[in-house]
Each structure stands twice: as C-alpha cells, then as structure tokens.
Protein chains: 4
Amino acid sequence: MTTTDIDPPVGAEPGAATASTGASTDSVESDPAHHHGYINDKARYVARLRKIEGQARGLQRMVDEEKYCIDILTQITALTSALRNVGLGLLDDHMRHCVRDAVIAGDEEADAKFKEVADAIARFSR
Amino acid sequence: MTTTDIDPPVGAEPGAATASTGASTDSVESDPAHHHGYINDKARYVARLRKIEGQARGLQRMVDEEKYCIDILTQITALTSALRNVGLGLLDDHMRHCVRDAVIAGDEEADAKFKEVADAIARFSR
Amino acid sequence: MTTTDIDPPVGAEPGAATASTGASTDSVESDPAHHHGYINDKARYVARLRKIEGQARGLQRMVDEEKYCIDILTQITALTSALRNVGLGLLDDHMRHCVRDAVIAGDEEADAKFKEVADAIARFSR
Amino acid sequence: MTTTDIDPPVGAEPGAATASTGASTDSVESDPAHHHGYINDKARYVARLRKIEGQARGLQRMVDEEKYCIDILTQITALTSALRNVGLGLLDDHMRHCVRDAVIAGDEEADAKFKEVADAIARFSR
C-alpha cells in the first residue's frame, strides 16, 4: 500500500495541469499535427519508465539469486503499482488534451474519443 | 483481455506442478537450506522477466517517439498483465512448496506462512 | 472471465450513447439544473443494481448453507465484476455528459472536472 | 483508499485464526463431512454480506434520487472494496483449513487443492 504512495501519477503535480493545458491548446491551434497530452511531461514519463525497466531488471536478479518468493512478489506488486500510476497519468493527460480537443472539435470527434477512452479504462482497470 | 491469454502463469503447464513438487520435497528432505518453489522454473521466470524488461524499454521508445496515448496505455495494460501472471505463478509455486512444507513442519510454521501469504495476496490483488 | 461478459457496462449498447448525448445536451440547454449522464439510463442502472443486491443476498444464503468456500469466492468475483461494469458505465456516461458540458463551459470548469474524474478513476481501478 | 481500511478481512482479527484452526482440525478428525474454514466465522460473514446488500440498496436509492455520478462511483468503489475484503477473508480461511487438511491428507489431494486455489486467486485478482 505504501508503494503506491511513493510515485504519484506523472502530471499530478499542482499547477502542472493548467500549464500544460495552455501549451497544448496553443499547439493545437497553431499546429494541426498530433500533439498528445503527455508530450509536455515527456522527460518525466521516460524517467519513470526507465526506473520501471530497472525494477524489472532487479526482479531478474532476485530470481537469479533465489530470493524469498514473497519478497519477489512484493517487488512485483511495487512494479505493478508504478506502472499503474504511469497509466493513470497518461489517462489524465489524454483526457485533458486529446479528449478536450475532440469535444471542442465537435460531437462526432468527441463521441469517438469517449468510446475509445472508456474502452481503455475498462482494459486498464481489469 | 487477449493479452492476459498469451502468457499463462509460469509453472501452470500440465505436469509441471507434480514434477516440481517431487523435486522440492526431495530437496527439503535432503537439504535443510531454503529452497523456494519457483527455483525449479528459475530459467523460465528469468526469461519472462527479461521480456517484461524489454516491454518497459519499448514503452520508453513509444513515449520518446510520441506515440498515441491510448496505444501506450494498451502496452502498459499488457505489461501489467504479464507481471500479474508472473506474480500468480510465484504465488502458486510458493503455496505448493513453502506453504506445503510449513504445514508438514507443524501448526506454528503453517500459521506464520498462511498469514504471510494472505497478506501477500491482499497486496497483490489490490 | 466469462462472468464479465454477461453484463456489458450499462450504456454500452450501440446507438445508446448518441441518443442519450442528444437528450442531455437538450436538457442542459433548456434547463440549467444538474442533469447527470446516467439519468437517461436510470431504469437500467436501477435494474442492474437490484440484481447486484440479489447477488449479495444469494451470497448470504451460500454462507448460511455452508457452501464450498471456492464456490462462494467465484460468486464474489462475479458480483465484483458486475459492480465494476456498472462503475465503468457510470464513468462513461459521466464523461459524455458532465465532462463534455464542463469543457464547453470553459477551462476552469473543465480542469476541475478532469481532476475529479482522474481521482475517481484512480480509486476505481485500485 | 480509506474505505478499504474500515472493514478488515473477516477472520483477520488477532487470535481468531488460531482459535478457528483448532476448531476445524477437531471437526475434521471427529467428522469426515465437509467443514469449510469460514464456518467458524459464519455469523460475521453473514453480517458483513448483509451490510454489502444494504450498500447495494443504497446505490439504487442514489441513482433513483439522481445523485452526482462521481458520488455514486465512490460508493461503488467502497462496495467493491468491502466485497474484496470478504473474498480475502474467505481465501485465508480456505487455505488455513481446506488446503491445510488436503496437505495432511496427501500429495494428490494437496495438488488438486493448490490448483483450485491458484485458479480462484487468478479470477479474484483480475
């Protein structure tokens, strides 16, 4: 339980949302190309995922060194929790940018995005 | 949903359980040292975790190449599912070996193991 | 796994989304009062929850009749899955109506709704 | 998160495990009939499930009174958490009694129980 508290979802910092929202809206207006919500936090997402890669390497070492099963399981739970937080951050950024832009673009775009995000949440929360 | 079906829990293969059970019991009898259930499948666990490490690296590449948020989220869900299957395999092996040995060793050992595994399941299934 | 397939999220039926979206938009325009997304499916949500209440009663009966632990656990899993689908349906309706309306109302309203829904998804997917 | 802390898994109370273990072992010895682990806590399981039934009824009332979607979702999360704790308690009791008895009965019985409980944990933790 404490493991989930170490790393809050990327993008959850106070103020970050407002700042990145502004940036994205600008970019969508001035540039019609794809601009996903997480791009503003790209470096932080990569850093978080690099840490997760390191945790996966640590798990291999634990198995190789024949650590106690329950200790390995605890690390798997921590890794799952870290991944979950990255996913929640991505979802949040996706809604604040891609979904918001689609709502502004019109009903058809919005409906497609709402269906897509609902399906993603269903898979993610399984 | 299909992602969870690709890789069944390590150790879930038919026949594997019985074979490894025998090996573990022998080893516990002839050698009082720690011998965890997953050891018999060590190479497969390491291979599985190496693949998971590769998936974590792939996620960094997706963020770096600014792939679509929902596609990244789908890969996170696949990775979480792969980790979950490793965890379920470890739990299964742990029960078949460590918990079984503790029951045979006596009530006190068994009670400690049952409490420990129940706590681990609670964290894992969160 | 099959249990989750019996009852898709309320509101997931083809065409339902478009229809209810229209209704909600009308009502928001003609009536400034609260009008939540699920209202259009109210009868179906109540029916679904009544069935869940019946499943909870069935669980009491199973315990009372001293059914096998694993069979009770299977029913608990089915009930959790049914609840999860109701939650996913509510989330979907909430985004299609309350979140959409907030985006149209302006950045401040939208930011508050995005934060609220991200927190709800985080709790729900735990 | 706080909701999960209100009701610990049934049977998690200090001392309860040891007491119920003794009772079950006696009963298995003196009576070959099925005697599941949770039976010693039957009244508490029924009380817990009755409360869950009440929560399901409360959810219907919330929908009927057109409460805010996010508030309903919060109650669904609380209900899911309560169910999860009942499931974890059942699993714990099942292992302490049925699985333990199977290990003592012999390898064949134990292997069948280990497979069954691993499958149940896989479904439950989905």
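## Where chains B and D meet

In this predicted model, 20 residues of chain B are in contact with 22 residues of chain D. If you look at chain B's side of this meeting place, the elements giving two or more residues to it are helix 2 (16-30), helix 4 (69-105) and helix 5 (107-124).

What kinds of residues does chain B bring to chain D? Sorted by class, there are 13 nonpolar, 3 polar and 4 charged residues on that side.

## How chains A and B are related

A turn of 180°, with a shift of 0.0 Å along the axis, places chain A on chain B with an RMSD of 0.0 Å. The two copies are therefore related as by a two-fold rotation axis. Which residue of chain A has its C-alpha nearest the axis? That residue is A:Glu53, and its C-alpha lies 2.6 Å from the axis.

## A glutamate with positive phi

Next, find B:Glu66 in the loop between helix 3 (42-64) and helix 4 of chain B. Its phi is near 55°, a positive value in a residue that is not glycine. Is B:Glu66 buried or partly exposed? B:Glu66 is partly exposed, because 15 other C-beta atoms lie within 10 Å.

Chain C has a Glu66 to look at too: C:Glu66 sits in the loop between helix 3 (42-64) and helix 4 (69-105) of chain C. C:Glu66 is not a glycine, yet it has a positive phi of about 55°. With 15 C-beta neighbours inside 10 Å, C:Glu66 counts as partly exposed.

Conventions:
Residues are numbered from 1 along each chain as its sequence is written. Chains are lettered from A and ligands numbered from 1 in the order in which they are written. This is a predicted model: local features need pLDDT of at least 70, side-chain atom pairs count only at pLDDT 80 or more; totals for chains, interfaces and linings use all residues. Two residues are in contact if their C-beta atoms, placed from the backbone, lie within 7 Å. Helices (H or I, at least four residues) and strands (E, at least two) are DSSP runs, numbered from the N terminus. Ala, Val, Leu, Ile, Met, Phe, Trp, Tyr, Cys and Pro count as nonpolar, Asp, Glu, Lys and Arg as charged, and the others, Gly among them, as polar. A residue is buried if 20 or more other C-beta atoms lie within 10 Å of its own, exposed if 12 or fewer, and partly exposed in between; C-beta atoms are placed from the backbone. Copies are superposed by least squares on the C-alpha atoms of residues with pLDDT of at least 70 in both.
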